[in-house]
Amino acid sequence: MLPRTLPVRPDPSAPAGSHPGTVIVGMSGGVDSAVSALLLRDAGFDVQGLFMSNWDDDDAYCTAAADFQDARRVCEVLGLPLHRVSFAAEYRERVFAHFLREYQAGRTPNPDVLCNREIKFGVCLDYMQRLGASWIATGHYARVDGDGGRRRLRKGIDTAKDQSYFLHQVAPSALSRTLFPIGHLRKEEVRGRAHAAGLPVFDKPDSTGICFIGERPFEAFLSQYLRQTPGPIENADGTVIGEHRGLALYTLGQRSGLRIGGRSGAAAAPWYVADKQLARNALIAVQDHCHPLLMSDAFDVEELHWLGQATSDGAARDFDCGVKTRYRQSDLPCRVQARGASARVILRGAARAVTPGQYAVFYDGDECLGGGVIVRRYNSRRSRAAPPGAATPDAGGIAYTVAFSAEGS
């Protein structure tokens, strides 16, 4: 039996008392992966570390070199071997190219979800298995359990750090070989265990920014790859109130960076991005934080990926659950009308800034059911008067329709 403080078990088919097997831990150089390696080592696993450096532009914002040294020092303290590998070509092809296409199309993508599916639990998992691993492990705040041969992805105990949202696209076959050793811990407990074990990263700040690319000035970075075409900023009445620097640089609900300032005849209140009109290269801004143009009570999802057999067979199915339309959002009660790889999601109450390109992730309590990409949003309870030249649903804007009601009729 493994220690009760670590809720993972070796392969159920292995003979009683056998070695739990080799596990390779994805070492990021941070405290979460360090404590994951510590817990697995203490639980009796044969632990090896693996560091990935998947962004090959060496500039002032890339922290890969420093992160590798932190991972190396952690493995030295724990007495573990450390492998190093780069999947830079795969990252650019499978994640970054999609990231750029989505921004070019006027949507706001989430590359961390694709990075998990394609890289960490895709090509990297294959690489780990070639190294002889029975298990892989990461420092994600999530949990995996199962019965009857099916593994369930669950939220991490620390609701402020739960990362199941970013893992919902991972293949069930990958989850069946994955351990999340810190999913039952809170962040302060993780740091406390790291400090007690003498790990040098116990107080290292959490990483931020784009997966593997890091935190950097976003406008300058994106402009290296996508040509930005300035255009008008309009209010909800169609009046030009400013100029944007390129639609890709803005997202729905954004407040800072609009550079509108005070306007004659307008209230002294902040402006928020309410829509992006790709066909006209126009940005729509409003002053009310909960303006009708920012609120949606339904949206459509495509490219659905379900984690359980009950929802992955492609059959038409309607059911109630919770949904997140962005990370660190409370679950929103909803009705899902699933039709194959697509679904209409009807919210029980209006939500702010539902954003095409982002992922809608569905939950039944703490179990993650899966999710897909938001492609269009609807508002049937509030104003149906679209701003002049409003985008069609295919362009990713708000779709106002008198035929669609909150009940889906």
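1. Before anything else, a word on helix axes: these are lines fitted to C-alpha atoms, for helices over the stretch in contact, and the angles run from 0 to 180 degrees between N-to-C directions. Keep that in mind for point 3. Also keep in mind that this is a predicted model.

2. Now the overall picture. The protein has 409 residues, and 53% of them are buried. Its secondary structure comes to eight helices and 18 strands. Take the contacts with a separation of 6 or more: residues 24 or more positions apart account for 66% of them.

3. Have a look at how α1 sits against helix α6 (residues 187-196). Their axes come within 9 Å and cross at roughly 65 degrees, and the crossing is left-handed. On the α1 side you'll find V31, D32, V35, L38 and L39, which meet K187, V190, R191, R193 and A194 of α6. Sorted by class, that contact has six nonpolar residues, four charged ones and no polar ones.

4. While you're on α1, which spans residues 31-42, pick out S36. Is S36 buried or exposed? S36 counts as buried because its relative accessibility is 0%, and the cut-off for buried is under 20%. Setting aside neighbours within four places in sequence, S36 is in contact with V25, T138, G139, P181 and I182.

5. On to the interior. In soluble globular proteins, nonpolar side chains tend to be buried together. Here the largest nonpolar core has 62 residues, and I119, L153, F180 and L222 are the ones with the most contacts inside it. Helix α4 (residues 111-130) gives the most to this core, nine residues in total. There's also a second, separate core of 30 residues, with V23, V74, Y141 and L199 among them.

6. Not counting residues up to four places away in sequence, L222 touches F99, L100, Y103, Q228, A248 and L249.

7. Last stop: L307, in the loop between β12 (295-306) and α8 (309-312). L307 counts as buried because its relative accessibility is 8%. Which residues does L307 contact, leaving aside neighbours within four places in sequence? They are R150, L153, H168, V170, P172, L175, C368, L369 and G370. For C368, 61 residues away along the chain, the C-alpha atom is 7.7 Å from that of L307. You've already met L153 in point 5, as one of the residues with the most contacts inside the largest nonpolar core.

Key: Residues numbered from 1 in each chain as written. Predicted model: local features only at pLDDT ≥ 70, side-chain atom pairs only at ≥ 80, totals over all residues. Heavy atoms only, no water. Helix = DSSP H or I, 4+ residues; strand = E, 2+ residues; numbered from the N terminus. Buried < 20%, exposed > 50% of the residue type's maximum accessible area, 1.4 Å probe, protein only. Contact = heavy atoms within 4.5 Å. Core = buried A, V, L, I, M, F, W, Y, C linked by side-chain atoms within 4.5 Å. Left-handed = near helix turned anticlockwise from the far one by under 90°. Nonpolar A, V, L, I, M, F, W, Y, C, P; charged D, E, K, R; others polar.
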